[in-house]
Amino acid sequence: MSGAWAVIVAAGRGERLGGDRPKAFAELNGRALLAESLERLEASDWIDSIVVVAPEGWEEPAILLAEELGAGKVSASVPGGATRTESVRAGVAEVPEEALVVIVHDAARPFLPDEVIERVLAPLGEGWDGAAPALPVADTLKRAAPDGTVAATVDRSGLYAVQTPQAFLAEALRQALAGDVEDVSDCAGLVEARGGRVRLVGGDRRLVKVTTAEDLAFVESLLARP
């Protein structure tokens, strides 16, 4: 299933990252972190158009960044909401009704291989409502009490760490976002809650989520590798 609208969720404030600007505009190799996702989605043959969901008040800087990068696929930059779900809803509202597929990607995961985009799109042509990249959990998992006491060791078999980009049939995602919905950490959870069928596909260890300054430094080292 070729061609899709991409919604880049870039509205996070990034308090844990520090700095004087939102996370999407933190410096990564001398430019805004958001630039990596914009360039990679712009270059992808799988993506037709892009919507950027920016922090409130940063919509114009996001458009100016897209223009600076020559990212002509960017059709809109809109302010995010108080929660991730509200931000995704704001972005999807800019996607035209005739669009068949929506990909949602977090700007906080700047290293975006094009093969992952292809992998999440494939199941949509096979009867699935959505697809998400994921990696099997390798570490031992513990459940702890508030004071740090171990309450249980969790069986990790069948457990996966889910990443973005996540791809959905546009109508399935719109239905999942309709009405009053609880905030969830990923769009796949919203679609699952409405009875949608979501398939996990192979993720990529380079899709690191930038949360701290240490994460930013690690991604910079990945980008520096040939």
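Q: What makes the residues in the lining of the largest pocket divide into nonpolar, polar and charged ones?
A: In this predicted model, the lining of the largest pocket divides into twelve nonpolar, eleven polar and eleven charged residues, because residues such as Ala and Val count as nonpolar, Asp, Glu, Lys and Arg count as charged, and the others count as polar.

Q: Which residues are the closest to the centre of the largest pocket?
A: The largest pocket holds about 760 Å³ of space, and of the 34 residues that line this pocket, Ala11, Gly12, Lys23, Arg84 and Lys209 are the closest to its centre.

Q: Why is Asn29 called partly exposed?
A: Asn29 has a relative accessibility of 44%, and since buried means under 20% and exposed means over 50%, with partly exposed in between, Asn29 therefore counts as partly exposed. Asn29 is found in the loop between strand E2 (27-28) and strand E3 (31-32), and its phi is near 55 degrees, which is a positive value in a residue other than glycine.

Q: How do you know that the buried residues of H3 are on the same side of the helix?
A: In helix H3, which spans residues 84-92, the buried residues are Arg84, Thr85, Ser87, Val88, Gly91 and Val92. They lie on the same side of H3 because the arc that they cover around the axis is only 160 degrees. Among the elements that cover these buried residues are strand E1 (5-9), strand E4 (49-54) and helix H5 (170-177).

Q: Which peptide bond is cis, and what is its omega?
A: The bond from Thr164 to Pro165 is cis, with omega near 15 degrees, and Pro165 lies in the loop between strand E10 (160-162) and strand E11 (166-169).

How values were computed: Residues numbered from 1 in each chain as written. Predicted model: local features only at pLDDT ≥ 70, side-chain atom pairs only at ≥ 80, totals over all residues. Heavy atoms only, no water. Buried < 20%, exposed > 50% of the residue type's maximum accessible area, 1.4 Å probe, protein only. Helix = DSSP H or I, 4+ residues; strand = E, 2+ residues; numbered from the N terminus. Arc of directions from axis to C-beta. Contact = heavy atoms within 4.5 Å. 1 Å grid on protein atoms, 1.4 Å probe; cavity = no way out; pocket = protein on both sides within 12 Å on 5 of 7 lines; lining within 4 Å. Points joined across faces, edges and corners; volume = space filled by probe spheres on them.
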